[in-house]
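Dear colleague,

Please find below the structure that I promised to hand over to you. My notes on what was found in it follow directly after it.

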Amino acid sequence: DKRGGLVGSEMCIRDRIIGGWVLLNGMLAEMETGEGKTLMSTLPACTAALAGIPVHVITANDYLVERDAALMSPVFKLLGLSVGTILDREKDTGKRQAAYACDITYCTSKQLTFDYLRDRVAMGHRRGRMDMQLRRLSDRQQDSQQLLLRGLCYAIVDEADSVLIDDAGTPLILSRELESGLQPEICQQALQFAAQLQQGRHYQLDDKYSDIRLTGAGKVELDRIAGRLAAPWDMERQREFLVGHALRAQHCYRRDHDYVVRDGKVQIIDANTGRALPDHSWEQGLHQMIEAKEGCELSGERETLALMSYQRFFRRYLHLSGMTGTAREVSAELWSVYGLEVVPVPTHAPVQRQAGSDRVFVTASDRWQAVVGRVHALHQAGRPVLLGTGSVADSEHVGRLLEEKGLPHQILNARQDRREAEIIARAGQPGAITVATNMAGRGTDISLAPGVVECGGLHVLAAVRNEARRVDRQLFGRCGR
């Protein structure tokens, strides 16, 4: 522990033992940022593994999977336990099976859920408990050798509120690409037809639900524009469906807010974390329509083989536990859905964070000027600043303003998520300015360089209040340790 030698104070040890006991008893430990959740999780993981129970330690991204497994492997090896990692770049089935066969496996929720879905597809209709028991007694080992997982026995979920609440309802879809799909010329025609329709007269825009509804006049106008053309425009339902998608692509989905364009591909942005989701796509041709709008090569439409939400998946574990820094606001939901009781774990030292008052501005321009002025003053004093923004567009806008002032800075948003941990880890250097969207960098420790504490420590500045107070608390939790 960086504050108290190799292990830390007796109070620090006591708090981690409390946290480990909470996890081992199937509850959710709420610990302040930087209090050592990674080390604390090894206590229940080792206890369960020594009892012969397969353990999955689930974290936010591949970087943390590799880092945490490497950091904790000396502890596991000392106890004679094997540790494996599941990474997105490692596609070899045999290596994945070997990793899941280890006593303790580090993985991300996405990789784990997709591997579970692959097993379901491989098993086909043979999913019943009786069928599985009969197969174990028979000599049919070929089928079982195709399976990746050994079962869903014990899970320790890091950043549990993000996985179990924020992403709970998002369906994870295992699919394959179809040979046929929307043609580029059809998408371009739909976008051209949509551009000829007038909002209010031909269609109604619902900002709250990001949806479009054609009016009666709009349907008549669309019939006039496209109804005499060849298929698919000569079919009423098909042309209204296509133009509806084109209108949604134009008016409901914004670049650098809902998605980014990277390497010629449209990638959805996770609204809760600000991270890009390269393996996700909108359904029923909407993704292809947005690709056409952005001038990208159209990806193929996909056929669903299996789907499951995190909420359904994690409820299948025999023993589920979690840890996070922000859970009290959603404790009732965690209990009602997963049966997880939230238990706050005390900090090993008093929190030193000092909260300032909110400031409200009449215009966005005034707000940004005040933000840049405050950042400049803190930078001059040698204090590192972590500036939280609400979108990719906002982070890049304030980045341009900082550049105009000659202030060196790092931007962390969906465009830089591959370097997420590297960027956030340097945020504690003297005079560093780090601009981040929402909870980007979550799970990576910010170590303060020498001299930073004496000049006031890390200053966290939120450019906007998030809809969820929990997201604000996650950002503010970066300072005060």
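Strands β3 (residues 83-85) and β4 pair in the parallel sense, over three bridges. Please keep in mind throughout that this is a predicted model. In this pairing, Val83 stands opposite Ile104 of β4. The two strands also belong to a right-handed β-α-β unit, made by β3, α5 and β4.

How many of the residues of β4 are buried? Five of its five residues are, and the strand is mostly covered. In general, the side chains of a regular strand alternate between the two faces of the sheet. In β4, Ile104, Tyr106 and Thr108 point one way, while Thr105 and Cys107 point the other way, and all are buried.

I turn next to the nonpolar cores. The largest one has 36 residues, and those with the most contacts inside it are Phe314, Tyr317, Leu334 and Tyr338. Several elements each supply at least two residues of this core, including α5 (93-100), α6 (109-123), β12 (302-309), α14 (310-314) and α15 (331-338). Apart from this core lies another, of 32 residues, with Cys187, Leu191, Leu222 and Ile290 among them. As a general point, nonpolar side chains tend to be buried together in soluble globular proteins.

Leaving aside residues up to four places away in sequence, Leu334 touches Leu28, Leu164, Ile165, Ala327, Gly339, Leu340 and Val342. Tyr338 is placed in helix α15. Is Tyr338 buried or exposed? Its relative accessible area is 11%, which is under the 20% cut-off, so Tyr338 counts as buried. Again not counting residues up to four places away in sequence, Tyr338 touches Leu164, Ala168, Tyr310, Gln311, Phe314, Arg315, Leu320 and Glu333. Ser321 is 17 residues from Tyr338 along the chain, and the C-alpha atoms of these two residues are separated by 9.4 Å.

Helix α13 (residues 286-293) deserves a separate paragraph. Seven of its eight residues are buried, and therefore the helix is largely enclosed by the rest of the structure. The buried residues are Leu286, His287, Gln288, Met289, Ile290, Glu291 and Ala292. They pack against α10 (184-195), α12 (236-251), β9 (259-262) and β10 (265-269). After α13 comes Gly295, whose phi is positive, near 75°.

On the α10 side, Ile186, Ala190, Leu191, Phe193, Ala194 and Ala195 meet Leu242, Val243, Ala246, Leu247 and Gln250 in α12.

Finally, I draw your attention to a loop residue. Pro350 is found in the loop between β14 (342-344) and α16 (364-380). With a relative accessible area of 68%, which is over the 50% cut-off, Pro350 is exposed. Pro350 and Gly480 are 130 residues apart in sequence, and their C-alpha atoms are 8.9 Å apart in space.

With kind regards

Notes:
Residues numbered from 1 in each chain as written. Predicted model: local features only at pLDDT ≥ 70, side-chain atom pairs only at ≥ 80, totals over all residues. Heavy atoms only, no water. Core = buried A, V, L, I, M, F, W, Y, C linked by side-chain atoms within 4.5 Å. Buried < 20%, exposed > 50% of the residue type's maximum accessible area, 1.4 Å probe, protein only. Helix = DSSP H or I, 4+ residues; strand = E, 2+ residues; numbered from the N terminus. Contact = heavy atoms within 4.5 Å. Pairing = 2+ DSSP bridges. Right-handed = clockwise from strand over helix to strand, strands pointing away.
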